[in-house]
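Hi,

Here is the structure I said I'd pass on.

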Amino acid sequence: MQRPTPTSTLSAIAAALALTTALVMQAAAEPPSARELLKRMDANLTFETRKARVKMTVEGKGRTRVYEMVSFGRGQDDAAVEYLEPRRDKGTKMLKLGDELWIYLPAIERVQKISGHMLRQGMMGSDVSYEDMMASRELEKDYRASVTGSGSHEGRDCWLLELKATKKSVSYQRRKTWVDKETLIPVKQELYALSGKLLKTWTMSRVKLFGERRFPTHMVIRDHTKKGSSTTIEMTELVFGIRLEDEVFARRWLERRH
Amino acid sequence: MLQLLLRLSLRNARRRRARSLLTASMVAFGVALLLVALCWMQGIFGKIEVDAAGQAGHVRIATEAFAEREQLMPLHENIADIAPLLTALGKQPGVVAAYGKISTGVTLTAAEEIGDVFGLAVGASPEYFETYGGLKSKLVAGRWFSRDSKQAEEEIVLGAQLAERTAVELGQELVLLGMTQYGSMSPIKGRVTGILDGSGIFGRQVLVPLERLQWLADMEGGATELLVFAEHHGRAVELEESLRGLPALSGLKVQAWSRRAPFSTVKGMTDAVGGIIAAIVVFLVSLGIWNTMMMSVLERTHEIGVMRAMGLRPLGAVAMVMAEAAGIAVVGGLAGLLLGVGPAWWLETHGLSLGEQTARQMGGTIPIEATVYGDLSPGLMLFCFLLGLCMAVLGTTLPALHAAGIAPVAAMRSGR
C-alpha cells in the first residue's frame, strides 16, 4: 500500500475544513425558529426583580413635558411606579398587581382603580398607555410568531419577526418586529390594529449588558393616532435581581408617604 | 268718489251677510291660528335664544385653534393669562361683564372605583352661572355656591342626571377625574351643595368655580374661553365689531353668539319655520277668500257692468271689491285676535310640557326645557292682524281684476 504523501494529506485537511466552514456558514445563515427567538428575547427582557430611575419625555401638542420616576418590577405581573417630577405630579404612584391597576392621586389623597376605558389612555399623557403597561411581556403567550426574513434597523442586522395575536382581547393584533441578530433585543416594533392600521412604533436602543442579560436603556414610542406625538424613555440606575420589599407591591405602599 | 266706493263696498258686504260672515270667519280663523302658533314658536325660540346667548356669551373670545376644534374641547388650546384681557374688556364701552370659562369632560365618582359616569365639568364664576345662565333658579335641591370664594372653591353644584347616576347625596364628597392640558390624569374633589334641574343640558353638567378647573387642567390663570356680555343679547354683533379692533385681543377669535354654530343655523331655521307656517296659513285662508269674493263678483256682473257704463273706471271696480274685502278682513281680524288671545295667553302662563325625556334628548346642544311657554306680545298681535289683511288682499286680487275686466255692454246683456 502506498503511504499518503504530505501534499495529499494537506489537501484532504483543507477540503474537510472548507466543508466544515461551509456547513457552519449555512447553519449561521439559517434563521432560528420563531419560538427560539421569542424565548431568547423574553430571557433578556423579563426578570425576577428590577429597579430603575426613569426619565420620560413626552412631546406633543406643541409642548414638551419631562417626568422623572422610580420604577420597580417583580416578575411578569407586578410593577410599581412613583413619580418624582414635575412638582405637580410628585407623589403620584401606580401599582400593577396581576390584572389590576391602581393609581394613588396625592391631590385628593385617594387610591383609584383604573379599569375599562381608562386603560386606553396614555400614562401622564404619554404614548404609553396603561394597557401597554398591563400587557404581558412574554409575547409567546399571546402571539403566534414566524420569522419572515432579515432586515436592518439603524445599521443593525435584524431578524424580521411577524406576530399574530391568538386572542381577540390582545391590544395589538399584529406586530412586526426587528430583532437584533447580535443582542436579540427587539430594536423596532410596529404595532397594528385588527384593521391593519399602524397604531404605534416602539424602538429600543442603547443596549447594555447586565450580567448575562442585555437590556435596552433607551426607548422611543410613537402613537400614530396622535399627530406629532412621541415619548422617550431613558432608564438610569438600572439594577436587576435586587431584593425588593414586599410592601412595594402591596396597596398600602400607595398611600405611604416618605 | 272714494266715499261713494266705500259706501258701495259696505252696502255690498251687508247685502250678502252670510257670505260676508263666511269670509270674515275664515280671516278670524287664520288670524287666531297664526296668533297661537307664532306665540308658541316665539316663546320656544325666544327662550332658547336668551339661554343660548347667556351660556355661550354674547360675544365669545378664544384662540383660533380652540374655535376650530371646540367640539373636542382641546384644553391645550387655551388663553394662558386672562387677567389682563378681562381688565381691558372691562374698560370697553358696551361691555357689562366678562368671565373666563373652562369646560372639560370628567368621570365622576363618589365611590372608590372610577366608574363610567361621564359629565361635563364647567368652571366659571358663580356670578356668571347665576346671572347669565339663570342656573340658581334651576336648583331643585340644596343651595347655591357660598358667597365666600374660599368656601365656594370646595363646593360643587351637580346636574340631577349625574346625581342620580353617581348616587351621590347633598353634602357628600364627589371626585371629578379629568385631565390636564398635557394629558395627565388629574382629579379634584368637592362637596355637593346643590342639585340642578335634570332636564336639558344642565342635568349632565357639574359646575365648579373657575379656579378649580384651572387647577384640574394645570392652567393657572388661564381659560379656554372668555365670555363677554352686553346690555342685551341683541347687541352682540355690534359688540363683536367694536371688540375686534382691541389690541389686547389680537390673534384671538372674537365672535357674536348668533354667528357661531349651532346658533347661526338654528336662528335662520327658526325664522324660516315661522315664515313657512305664516305663508301656509295665509295661502290657505286666501284661497277660501278668493272663492267667496269671486262668487260675489260673479253674482254682481250686471250691476258692475251698469256702473262701468256709468263711468266707473276699472281701477275703481278693483278698489270697490278690495275695499269690501278689507272691511270684512278688519272685522274678521279683530274677531280672530279675540279668539286667539285666550289660548295664546294660556300658553304664555301655563306652557306646554314636552316631557323630561324629550327635553333631555333635544337638549344636547341647544338649551331646551321640559315645559315651554309661549310669548304673547302686542307686536305679535298687530303682526297677525296685518297678516289677516294680507289674506284678504291676496284672496281678493283675482276677483277684483275680474271685476275690472267686465265689459259693460256684455255685462248688461247677461242680466246677472
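How much accessible surface does chain B have, and what share of it belongs to carbon and sulfur atoms? Before I answer, bear in mind that this is a predicted model. The accessible surface of chain B comes to about 19000 Å², and carbon and sulfur atoms account for 62% of that.

Buried residues make up 50% of the chain's 416 residues. As for contacts in chain B between residues at least 6 apart in sequence, 78% of them join residues at least 24 apart.

Now for the charges. Side chains of opposite charge can pair when their charged atoms come close. Over all chains, the count is 24 salt bridges. A few that I looked at:

- Arg19(B) and Glu299(B) form a salt bridge at 2.7 Å, N to O. Arg19(B) is in helix α2 (residues 17-56) and Glu299(B) in helix α10 (residues 263-299), so this pair ties together parts of chain B that are 280 residues apart in sequence. Glu299(B) is partly exposed, at 33% relative accessible area.

- Lys113(A) pairs with Glu100(A) in a salt bridge, with 3.0 Å between the closest N and O atoms. Here the link runs from strand β6 (residues 110-114) to strand β5 (residues 100-105) of chain A, so the parts tied together are 13 residues apart in sequence. Lys113(A) counts as buried at 17% relative accessibility, whereas Glu100(A) is partly exposed at 33%.

- Lys136(B) and Glu130(B) meet in a salt bridge at 3.9 Å, N to O. Lys136(B) is partly exposed, with 36% relative accessibility, and Glu130(B) is partly exposed too, with 28%.

There is also a network of salt bridges in chain B, which links Arg60(B), Glu70(B), Glu225(B) and Arg260(B).

That's what I have so far.

Cheers

Key
Residues are numbered from 1 along each chain as its sequence is written. Chains are lettered from A and ligands numbered from 1 in the order in which they are written. This is a predicted model: local features need pLDDT of at least 70, side-chain atom pairs count only at pLDDT 80 or more; totals for chains, interfaces and linings use all residues. Side-chain values use heavy atoms; hydrogens and water are left out. Buried means under 20% relative accessible area, exposed over 50%, partly exposed in between (1.4 Å probe, protein chains only). Contact means heavy atoms within 4.5 Å. Accessible areas come from the Shrake-Rupley method with a 1.4 Å probe; for residues, only the protein chains shown count as cover. A salt bridge is a side-chain nitrogen of Lys or Arg within 4 Å of a carboxyl oxygen of Asp or Glu. Helices (H or I, at least four residues) and strands (E, at least two) are DSSP runs, numbered from the N terminus.
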